[in-house]
Every structure is written in C-alpha cells, then in structure tokens.
Amino acid sequence: MNNNVLIKIEGKNVNNYIKWLIKNRINILDLKVISCNELNALIDYKYYNLLTKYSKTYKISIIKKYGKLRLLDTIKDNLIMLSCTIFAVIFLYWLSNYIFSVDIIYNDKKIVNLVSKELQKYDIKKYSKKKNNIELNNVKKQILKDNQDVLEWLEIEEDGTKYIVRLVERKKASSVKENLYQSIAASKDAIITSINAYSGEKVKKVNEYVKKDEVIINGILTKADNTNIYTKATGNVYGEVWYKVSIEYPLYYYEELFTGKSKKTIALAFLNKKLSLFPYRKYKQFKSKSYILFENNLIPIKIIKERIYEVKLKENIYTPEEAVTKAKTEAVKKIKDQNSKIKGIKTIEVINKENLNSKIKIDLFISVIEDISKIINIAEEINFNSLHS
Amino acid sequence: MKKIDKLDRYLYDREYKIIIKDNMVNIINYGEIIDFSLTKITIKRDNKLIVLTGKNLTINKMMDEELLITGIINTICIN
C-alpha cells in the first residue's frame, strides 16, 4: 500500500524549489505548477519530513493523503464511534450466549412445573449460559430417563436467546375392566377347530362353521324352569380362518448391505481413472462417495477426497418356481407379523399366477388356525331385566 | 561475469530509453539532471547530454530511474 501525500508548496519562486528537489533527488509522482508562487506535488510521505525540515522559506502544507495514511487518519477521526461500535458488537455477541427465556409449551401446569424444575437442575433457566447441542441432547435424555413414567417425548429448541421446550406426556394404558358376567363369541367367520371352555356352556361344536359375533361359550345358563343363571364364561376358541393375499416377487434380487466399515482417502482423478495418494487395503466389495477438493478447467486432473464403505452384496436370480416359493414364505411372514393371534398355517394354495417379465404376481389362498375368542359383556342384560321385573 | 551481466540485464531494465509522446517526453534510466528551466532542460547519461528546449517545460514526474517532462517541446538534442 502506498503512502503518498499531495502537498502544496507556496513561496517566492517555485522553479528554484523544483531545482532544489531535483538536486536532492526527491521522487515526484506528479507535479503541477499552479503559478510562479505555487505548485502542487504528489510525493512519498517519507520525503515530506525532509521537505519540512529544510524548506524554511517555502510554506508546505498537505492537501490530501493517500493509502495507509488516509486509512489511519479516518480511523483517528472516527475513533470514538468505531470503538463504540466494536464494543457494542462484542457486547451483543456476549449477551447472545445467555438464556433470556425458557418457554415450556404444554397445557398441564403440573407437567410444566415438573419439567421446569428438571431443567433448573441442569442449569437451563433464565440468565444462565446457553448449552451446546451435545449438552442439550444429554439433558434431554437424562430428563426422559428420570421421568419415563410421565414423559413420552421431550424436545428443547433454541430460538435466539430463548429455549422452547415441547413435550408429550406418557399416556398410561387404561386397565382392563373386569367383567362380572360374560360370554365368548367368534371374532371372525371360521370353522371351529378346538374349544377349551373353563366355565360357561359350550353352544357350538368342533368343525362347526360360525359367523362373526356368534356365541360359542355362553355365560347365560338356562335352568329347567327357564330361569337364567349368569356366569363369567372363560376359555379359548380356535378356528380355521381364510385369507386371500396378493403378492409380487422379483425374479432378480439385489441387495447391498453396509458392514459399517469405511475408510477415508485422497486420490488423483484423471478422466475416468483414480489413483490413491495414500495406499490402503481395498475392500472386496465397496461403494464410494467422493468430494472434489481441487479441479481446473484446463487440466483434466482433479484432487478428490473419497470415503469408501465396505458392502456385502446379495444377488440372486430366481426361477419362477423359486420365486413362488419365496413369495409364499414372504406372505406367511407378513400375515403372522400383522396378526399375533395366528397359531399356525394350515394350507397355502396358489389361485392365480402372472409372469410380469422381471417379477411374478401371485394370488394366494391361505388358511390359518387362529384364536377367534371374543369377550361379550352381558352385564347390561341383567340391569335391563332387573328394572323390568 | 558475462553470465552475471546477462542475468542482471534479464532481471532489471537498465536500458536507456527516450519515449516521445504528444507534449511530453519520458526518459527511462536518465542519469542526472544538469540544468532545469522553463525553456531548457539538460540531462546527462554516461557520456551523453540530452538537451530539451521549448516552452513551459515542467518535470511532471521524477523517479529514481524515470523522468517525465511535459510542456511544449521544440527540440531534443543528444550530444
């Protein structure tokens, strides 16, 4: 950065002054003779002191400064304002590291107070210092762990100098109401395969077809004199239920499983080829992700940063028959996962099969043995009868 | 020493030049200013004298190795 100054020289005969400048080999960047008594010259600041020392008969004054000198002058003139601005910025930044408000968004005061106390334990309160993300996550986990019977989910969001806490209360499962009197009916259409009645009257037999909601073990026992005895029927009923399932299965199966192992390396890429700068033991099967560190439009060479992940490939080509077998297994697995009451699979029949080039589509008819017990409360009947007797 | 001279010439421009433009003369590696006035400027370089005559001659720029003279230049003599 240059340090030039534009000076005005006033005196009797400026031409003599120019001769003096030439004699002393003072570099002049620009010279303008205004009149015989006045001239303006642009010189390096280092010569200015020399001029003022020895030019006693001439009056020298600075008109304008350039470069670093000008910058320093500007700073000096505005020193107070600049220093106040810098101080204000630093102060604001310092303040922004503190919490000024903690808002817990929930409609239950008890839960809000509980969470507020928990947060204060970990120094998350007004006028305390803000926490970083790792600390916040740890606080969240600890609060949820200590209050797992009350809190289902907790989130602490940072919004400037405010912490917004959102939560979800854990809803306790309502206890199962015990019935005084009950019957057991069919939950679905089925053919009964077995009935285990511990109490109550069996009104259906094995291998009998029942429709949904038909009573199988009755809690109302009728005496010879047509009076009713009410009891709590208990037991299990298993029946054969049928499902129709439609499933598509691919004939070519390809899966990439990441083992979790990875390596980082830096490589040179030239057109399609890569050359690693640091040798490493390669994985048998791998996938890579690369980021360009340096590239140039003129040279087809790039420096790239690569992350190499080890993968295990699972590849299978199935015949249509194999695909049908796999599809049947898959369908059974899905049915069992969706319905925990299924005890076993009785038969699987293929109703329809369609070959769609890369996959097959099959319709299956599956019959299963399933727990079809359904409890029906018979308490209302008793109240109705007693009111009208 | 020839090689050093070659290197020196390669790195630094020691060549003496006079560039004449409209109402100005630029002299590079000028040497020394002997005389200066509004109508005549005399410059010495090695054994040569360069005399510029004209009207309102001013030294517009004067650096260690470069000189710019402006004004109405009538003659330039190299002796």
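Predicted model: local features only at pLDDT ≥ 70, side-chain atom pairs only at ≥ 80, totals over all residues.
Helices and strands here are DSSP runs, numbered from the N terminus: helices are H or I with at least four residues, strands are E with at least two.

Residues are numbered from 1 along each chain as its sequence is written, chains are lettered from A and ligands numbered from 1 in the order in which they are written, and side-chain values use heavy atoms, leaving out hydrogens and water.

Let's start with the interface. Contact means heavy atoms within 4.5 Å. On that basis, 13 residues of chain A meet 13 residues of chain B. Together the two chains bury about 1,200 Å², with 54% of it on carbon and sulfur atoms. That is the accessible area, by a 1.4 Å probe, that two parts lose on being put together, summed over both. In chain A, the residues losing the most area to chain B are Ile22(A), Arg25(A) and Asn27(A), together 42% of what that side buries.

The chains do have 9 residue pairs in polar contact, both residues at pLDDT 80 or more. A polar contact is a pair of N or O atoms within 3.5 Å; within protein, one must be able to donate a hydrogen and the other to accept it, and residues adjacent in sequence count only if both atoms are side-chain atoms. On chain A, helix H1 (14-23) and strand S2 (28-35) each give two or more residues to the side touching chain B.

Next, two loops in chain B. Asn23(B) has a phi near 55°, positive in a residue other than glycine. Asn23(B) sits between strand S1 (17-21) and strand S2 (24-28) of chain B. Asn29(B) also has a positive phi, near 60°. Its loop runs between S2 and strand S3 (32-36) of chain B. Most residues other than glycine have a negative phi.

Which of these is buried or exposed? Asn23(B) counts as exposed because its relative accessibility is 53%. Asn29(B) counts as buried because its value is 4%. The cut-offs are under 20% relative accessible area for buried, over 50% for exposed, and partly exposed in between (1.4 Å probe, protein chains only).
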